[in-house]
Amino acid sequence: MPPESLRCKECQTVYPLDARYVCEQCFGPLEVAYAAPDDIDPAELRRRIQAGPHSLWRYGDFLPVNALPQGHLPAGWTPLLRADRLAERLGLKEVWIKNDAANPTHSFKDRVVSIALARARELGFETIACASTGNLANAVAAHAAAAGLESYVFIPSNLEEQKVLATGIYGTNVVGVRGNYDDVNRLCTEISGEHEWAFVNINMRPYYAEGSKTLAYETAEQLGWELPDRVVAPIASGSLFTKIARGFQEWIDLGLLDGTLPTFNGAQAAGCSPVASAFADGKDFCRPVKPDTIAKSLAIGNPADGPYALDLARRSSGTIESVTDDEIREGIRLLAQTTGIFTETAGGVTTAVLAKLAQRGDIDPDERVVAYITGEGLKTLDAVRGTFEAWEIDPSIEAFEAANERVSALA
Amino acid sequence: MAVKVKIPTQLRAATEGEASASVDGATVGEVLDALYERFGELRNRIAEDGGLRRFVNVYVDGEDIRFLDGLDTAVKDGDEVTILPAVAGG
């Protein structure tokens, strides 16, 4: 499936495969179009994938680059874990956690940056940049360092300290912008018009977004070339959510998978839920909001792919839900205490929405459900501060036994 | 009332390469109408059914007009109106 062109999702105008993201005719988003494959032998294609590297580049045939990049930080091929204790707690039978915190910079952003950076190098760029809520900044800085490229990352100045520190260490230019993510994004959209840089999520966005398809490919391969019945995934811009569906659909169309598109449930924080609100109101576009939530990695008030996320949820018989900050903290705890996976606030949003759907009876107990955990708990420690007490004792066995008795009596 | 409108690179083919234009108008809608007067091709690219296409964002001094009064948002002398694609980020 060689990449053929960029095509407008709205009016179908076709453009060459260069650094552009907007249709000049209608301002719609551009997406990579691939040449129709010749005779596909699904068994042969599966063998070819299985013989590939243990990274997302095993799916190079479905990605918009000409050749596998040299000197890169390998991303993807993260664990898909069966979460029986979580399933039992929720009254379900088969729940899987795709743990994308197990990436080089601990979030799914390593996937999208891998593709954007590889394509940027093919196009001859020497500087890469991004507008980020934090995880993307980590990934851009790290992948640029590995590739020896200059980088600029623009973030809201009030971001979690862990995310700032874990970005600056790579030797990038960290630009804290006094404003929220949507302000950062507006500024970067303007800057991208004036500098010859590859902004991974602006002028390289059509390539970048394709990276999220690999979440679907991996899930299907790890399930033994089968589809889940239901997907629960977070929504910020809506790109990951819609590209997971595109990944499954491509493989269904190629005959690599049997069945139909899973039901898609999107997860947002109540403090920034423009897509969930539009879904509830029956609208096909999103009204922007000013974010106010602990889930900063999902705090996009003006989601670029909102209309497409709404369409996907509706045509797959899914929904888009929102959960409060308290439910997010409870979601983080639930996932940690049933699976051993400590996720950041975005994963708390996803887990809380999964729990909400299960409690409401929206999920048939026989369904196979996959929840996408997109980031690492160590990056948002403030969200769990004060949620439990540690014991402090003198170094004697008497002190321990006394404390143990006290705590047991309270339990 | 003279207002500066910043034109994104994707639209400069329709503005003879100009990156900004100074036009008169008391509201964002009037400013855009004045802009379409000068550069006829712009209207089809960003306007639809009397409003804006859904992937077009317009800001007055950095604030999205959807948080203000939309196309009825009042502008004053020296304000800066920015047109940008909505599909960036995330």
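Me: How do you know what to trust and how to find a residue?
Reply: It's a predicted model, so local features need pLDDT of at least 70 and side-chain atom pairs count only at pLDDT 80 or more, while totals for chains, interfaces and linings use all residues. Residues are numbered from 1 along each chain as its sequence is written, and chains are lettered from A and ligands numbered from 1 in the order in which they are written.

Me: Why is B:Asp79 called partly exposed?
Reply: B:Asp79 has 18 C-beta neighbours inside 10 Å, so by that count it lands in the partly exposed class. You'll find B:Asp79 in the loop between β6 (63-64) and β7 (80-85) of chain B. Setting aside neighbours within four places in sequence, B:Asp79 is in contact with B:Val3, B:Val60 and B:Asp61; contact means C-beta atoms, placed from the backbone, within 7 Å.

Me: What makes α3(A) oblique to α4(A)?
Reply: The axes of α3 (109-122) and α4 (135-147) of chain A come within 9 Å and cross at roughly 45°. Under 35 degrees would be roughly parallel, over 145 roughly antiparallel and 65 to 115 roughly perpendicular, with the rest oblique. That makes α3(A) oblique to α4(A). Their contact has six nonpolar, four polar and three charged residues. As for the classes, Ala, Val, Leu, Ile, Met, Phe, Trp, Tyr, Cys and Pro are nonpolar, Asp, Glu, Lys and Arg charged, and the others, Gly among them, polar.

Me: And why are α12(A) and α13(A) called roughly perpendicular?
Reply: α12(A) and α13 (345-359) of chain A pack at about 90°, axes 7 Å apart, and are therefore roughly perpendicular to each other. On the α13(A) side, the contact includes A:Gly347, A:Gly348 and A:Ala352. By class, this contact has seven nonpolar, five polar and three charged residues.

Me: Why do β4 and β12 of chain A count as edge strands?
Reply: The open sheet runs β4-β5-β13-β10-β11-β12 (chain A), with mixed pairing. β4 (80-82) and β12 (319-323) each have a single partner strand, so one side of each is left without a neighbour in the sheet. Pairing takes at least two DSSP bridges between two strands. Within the sheet, β10 (230-234) and β11 (263-269) of chain A are parallel and joined by five bridges, and A:Val232 has A:Asn265 in β11(A) as its bridge partner. Helix α12 (325-339) of chain A lies across β4, β5, β11 and β12 of chain A, at about 100° to β12(A).

Me: What makes up the contact between chains A and B?
Reply: Chain A puts in 29 residues and chain B 22 residues. On chain A's side, helix α6 (181-194) gives the most, with five residues. The chain A side divides into 14 nonpolar, nine polar and six charged.

Conventions
Two residues are in contact if their C-beta atoms, placed from the backbone, lie within 7 Å. Helices (H or I, at least four residues) and strands (E, at least two) are DSSP runs, numbered from the N terminus. Axes are lines fitted to C-alpha atoms, for helices over the stretch in contact, and angles run from 0 to 180 degrees between N-to-C directions. A residue is buried if 20 or more other C-beta atoms lie within 10 Å of its own, exposed if 12 or fewer, and partly exposed in between; C-beta atoms are placed from the backbone.
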